[in-house]
Amino acid sequence: MKPQLLKVSNNLVNSFSARRDKVPYINNRWHYHPEVELIYFKKGNGTQFIGDSIKRFSSGDIVLVGAYLPHYWKFDEIYFNEDEQNNADVVVVHFCENFWGNHFLSLPENKGIRLTLEKAQRGIQIRDKNKKQIGVLMEDILQATGPARIILLMEALLAIESSVQDKALSSMGFRNNFEETENERINAIYNYSLMNFKRKIAMEEMAAVANISPNSFCRYFKSRTRKTYTQFISEIRVGHACKLLIEDSMNVKQICYESGFHNFASFHKHFKMITGQSPLNYQKSYLSK
């Protein structure tokens with residue numbers, strides 16, 4: 001289940017890349033690269049896949065993804081419609097860990113940055129009030145020139161280090177196998193699942209998508225992702241339910257069925273298992289912020 005190696009465009013003028021994306025389909029596939037990625041979703045909602053972690057992302061979120069850690073940002077379908085009210089707005093910074101020299105991170109003063117980049121090997125989601133500050137710093141990088149760009153990036157990484165509610169995303173045991181020649185298979189599985197999670201999906205269907213036998217699919221999927229396909233699809237469904245709970249436009253029973261669960265007991269069980277909260281408590285905790 002090999003992710004695609006992508007080359008991050010750079011130039012001879014700057015030592016690291018910073019760009020603003022206003023479309024939802026930039027690199028929206030399972031991929032990795034040798035650069036660290038710092039991404040700020042100023043505007044946009046969807047599903048993020050980082051290593052073996054599946055979660056929702058929403059406007060205001062900031063994620064730091066370590067070098068060679070596979071990831072995939074799938075925007076909700078509404079962002080692919082020609083509607084100016086639903087445009088994506090994302091700031092992305094890519095940099096190599098040693099772009100400032102081989103000994104820079106070994107300096108005692110830079111221990112915090114070094115530890116932050118080590119944590120990023122599993123992906124870091126920034127959750128606390130520092131998100132706003134980091135977002136502003138990233139937008140400033142887009143306009144900055146000369147040494148100011150590097151200083152602003154350091155300030156952003158230091159703000160991540162001081163975040164008290166950052167969360168590692170991928171599991172400690174996640175490992176990638178870059179030697180398989182299956183670039184398209186994981187993208188086919190992810191895209192089909194995201195398009196069809198609201199209904200019951202037969203294993204025979206997924207086996208056909210993955211182009212392997214039904215008897216082999218479950219073993220294949222678990223050996224690559226460290227989770228069963230049932231767990232995987234439940235995480236997608238719960239992520240969609242979280243989105244609907246936050247929007248607060250339908251009752252919990254409607255959300256249950258709209259998210260692909262076929263009975264409320266199963267919905268409640270899987271939701272609490274994945275989020276640690278009941279659907280109503282999750283909704284109350286979010287709406288009270």
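At roughly what angle do the axes of helix α1 (residues 111-119) and helix α3 (residues 147-161) cross, and within what distance do they come?

Mentor: Please keep in mind that this is a predicted model. The axes of α1 and α3 come within 9 Å and cross at roughly 70°, and because angles from 65 to 115 degrees count as roughly perpendicular, α1 is described as roughly perpendicular to α3. Two packed helices are described by these two values, the angle between their axes and the distance between the axes. On the side of α1, the contact is made by Gly112, Ile113, Thr116 and Leu117, while α3 brings Met154, Leu157, Leu158, Ile160 and Glu161. Sorted by class, the contact of α1 with α3 has 6 nonpolar residues, together with 2 polar and 1 charged.

From there we can turn to another helix, α4 (residues 185-196), whose 12 residues should span 16 Å at 1.5 Å a residue, and this agrees with its end C-alpha atoms being 17 Å apart. The buried residues of α4 are Arg185, Ile186, Asn187, Ile189, Tyr190, Ser193, Leu194 and Asn196, and what covers them includes the strands β5 (46-50) and β8 (71-75) as well as the helices α5 (203-210), α6 (214-225) and α7 (229-247).

For a pair of cysteine sulfur atoms within 2.5 Å as the rule, the count comes to 0 disulfides.

Terms used: Residues numbered from 1 in each chain as written. Predicted model: local features only at pLDDT ≥ 70, side-chain atom pairs only at ≥ 80, totals over all residues. Heavy atoms only, no water. Axes fitted to C-alpha atoms, helices over the stretch in contact; angles between N-to-C directions. Helix = DSSP H or I, 4+ residues; strand = E, 2+ residues; numbered from the N terminus. Parallel < 35°, antiparallel > 145°, perpendicular 65-115°, else oblique. Contact = heavy atoms within 4.5 Å. Nonpolar A, V, L, I, M, F, W, Y, C, P; charged D, E, K, R; others polar. Expected span 1.5 Å × (residues − 1). Buried < 20%, exposed > 50% of the residue type's maximum accessible area, 1.4 Å probe, protein only.
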